[in-house]
Amino acid sequence: MLSIRWKIGKKGIVLCILASAVALSACSSGSNTPAAGSASGSQSAEQGSGESSSGSNVITVSVVTSNRLLELAKEKYEAANPGVTIELKQSYETPKPQGGAMAPSRPVGYDPAAVEKHVTTVNTELMNGNAADLIMVDSLAYTKYADKNLLVDLQSYMTEEKGFNDEDYYMNIFDALKYKDGLYAIAPNVVPDIWFGNKKRIIDLELDPNSWTWAQFSEKLGELAKQGEDPVVQYVVPEYFTSERVGENIDKFMNLNEKKASFDSPEFIGLLNEIKSYYDNGILQEPESYGTRSGKAGESLNLKEAFVKSKLQRFESLNFGKMLFADPQVFMPPIEDGGKGNSFRVGMLLAMNEKSNNKDKAWDFLKFLLSEEMQSEQDLQGLPVNKKTAETQIRALETSGENKLSTEEVAKAKEIIPQLARYGGIEPKINDLVMEETVLFFKGEKTAEDVAKTLQNKITLYMEE
């Protein structure tokens with residue numbers, strides 16, 4: 001039984017899905033949204049690493065807050081390696097509900113307080129030389145640590161001697177995560193965008209579902225918008241849309257190698273004006289009313305939009321278009337003119353402490369997270385980077401089950417990960433700055449040029465810290 005709730009409000013459309021078999025993050029818009037989990041068997045950073053972290057059979061992992069995937073990995077790894085302990089050190093523990101009330105949940109990413117605490121904790125521990133063996137860095141400016149030789153270039157461990165076979169993984173993912181030709185963080189999962197098209201409305205637009213551009217997006221969908229009938233693209237707030245576009249093309253606006261920003265460039269000013277035109281021309285329209293829609297498994301909501309975009313966390317969610325439109329089609333996201341490959345975000349990034357005395361064991365645990373056993377877990381919260389796992393999952397969806405994929409969807413499933421070529425994650429601080437400043441442009445309070453100048457100054461200052 002699949003219950004769906006469709007909300008239309010001043011902040012846009014939110015589609016919530018409650019089903020064990022489908023895990024489409026349509027209710028989440030975060031760049032790196034961690035799975036919430038209990039802290040069973042883990043330890044808060046306030047309790048300190050103490051003597052346990054110095055033991056050769058204790059592998060310490062510094063995390064913002066614990067998540068279910070790491071909890072499962074800890075449980076399974078310890079069971080398979082008697083005498084070895086995985087110590088999950090939380091920088092921040094989610095406040096417990098008081099008075100029987102449920103604690104409010106954040107729809108996007110980590111709590112800012114959690115990020116701030118994790119940054120402070122990791123910085124202090126690295127400076128004091130007692131940081132964890134492995135460090136969760138998706139919420140950190142980890143390239144700064146790499147520049148100070150505080151993180152291990154993991155390529156030195158990705159060898160046959162260390163039990164790593166390139167043929168088992170989508171190496172394009174690891175290549176996209178490189179910094180200055182070094183690989184200082186590894187992602188167990190990837191979260192790409194996917195677009196569901198309504199064939200009834202887009203059939204005459206002649207768009208290539210595997211290769212269409214933002215220029216075509218503006219032109220072709222602008223034509224639909226001029227008809228002034230139904231919404232064209234499911235609404236997204238403009239500042240978030242901008243942060244996504246910046247993340248997809250971060251190399252255009254930031255040179256991490258040289259610690260230089262170029263947000264005051266004509267390219268960024270042009271991007272702001274381009275995105276604003278989507279809203280001015282009615283391609284994206286803010287809903288004015290509230291409403292709900294519900295349906296059951298196997299039924300289509302028959303939405304009127306031409307496109308609905310979402311994050312893809314499981315292959316089976318590729319068939320979700322059937323619940324949106326009577327005749328759906330799966331599209332890869334638009335790319336820039338001349339661009340190659342699509343971008344992705346991650347659910348988690350882990351780095352290895354250069355000063356760790358436990359590097360071999362830490363690598364073994366990191367490698368375990370990339371194994372077929374862990375990559376097959378439902379709590380992975382993203383697509384696997386292990387090829388065998390991905391192939392097994394797709395084959396299963398090709399043959400049977402209530403989430404069986406069509407021939408077209410199977411073909412798309414096989415293409416998605418190999419086409420990912422760019423890491424679209426942005427450091428939380430920079431992402432916040434982009435959203436805080438650009439919203440002033442979309443509200444008409446600042447010009448694109450003023451926003452670009454302010455962003456350039458703030459981000460340059462941040463990069464120089």
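How many helices and strands does the secondary structure of the protein come to? There are 16 helices and 15 strands, where helices (H or I, at least four residues) and strands (E, at least two) are DSSP runs numbered from the N terminus.

## Before we start

This is a predicted model, in which local features need pLDDT of at least 70 and side-chain atom pairs count only at pLDDT 80 or more, while totals for chains, interfaces and linings use all residues. Residues are numbered from 1 along each chain as its sequence is written, and side-chain values use heavy atoms, with hydrogens and water left out.

## The whole protein

Of the 465 residues in the protein, 54% are buried. Here buried means under 20% relative accessible area, exposed means over 50%, and partly exposed lies in between (1.4 Å probe, protein chains only).

Contact means heavy atoms within 4.5 Å. Among contacts between residues at least 6 apart in sequence, 79% join residues at least 24 apart.

## One face of helix H14

Let's look at helix H14, residues 407–416, where Glu409, Val410, Lys412, Ala413 and Ile416 are buried. Seen down the axis of H14, these buried residues fall within an arc of 160 degrees, so they line one face of the helix. The arc is that of the directions from the helix axis to the C-beta atoms.

What do the buried residues of H14 pack against? Their partners are the helices H10 (321–324) and H13 (387–399), together with the strands E7, E11 (328–331), E14 (383–384) and E15 (420–423).

## A residue of helix H13

Glutamate 398 is found in helix H13. This glutamate 398 is partly exposed, with a relative accessible area of 37%. Leaving aside neighbours within four places in sequence, glutamate 398 is in contact with Lys404, Val410 and Lys414. Glutamate 398 and valine 410 are 12 residues apart along the chain, and their C-alpha atoms are separated by 6.4 Å.

## The largest cavity

The structure holds 5 cavities of 30 Å³ or more. On a 1 Å grid over the protein atoms alone, a cavity is a set of points where a 1.4 Å probe fits but cannot get out, and lining residues have an atom within 4 Å of a point. Grid points are joined across faces, edges and corners, and a volume is the space filled by probe spheres set on the points.

About 70 Å³ of space lies in the largest cavity. Its lining includes Val191, Glu244, Lys311 and Phe344. Strand E7 (189–198), helix H7 (238–248) and strand E12 (342–345) each supply at least two residues of this lining.

How values were computed:
1 Å grid on protein atoms, 1.4 Å probe; cavity = no way out; pocket = protein on both sides within 12 Å on 5 of 7 lines; lining within 4 Å.
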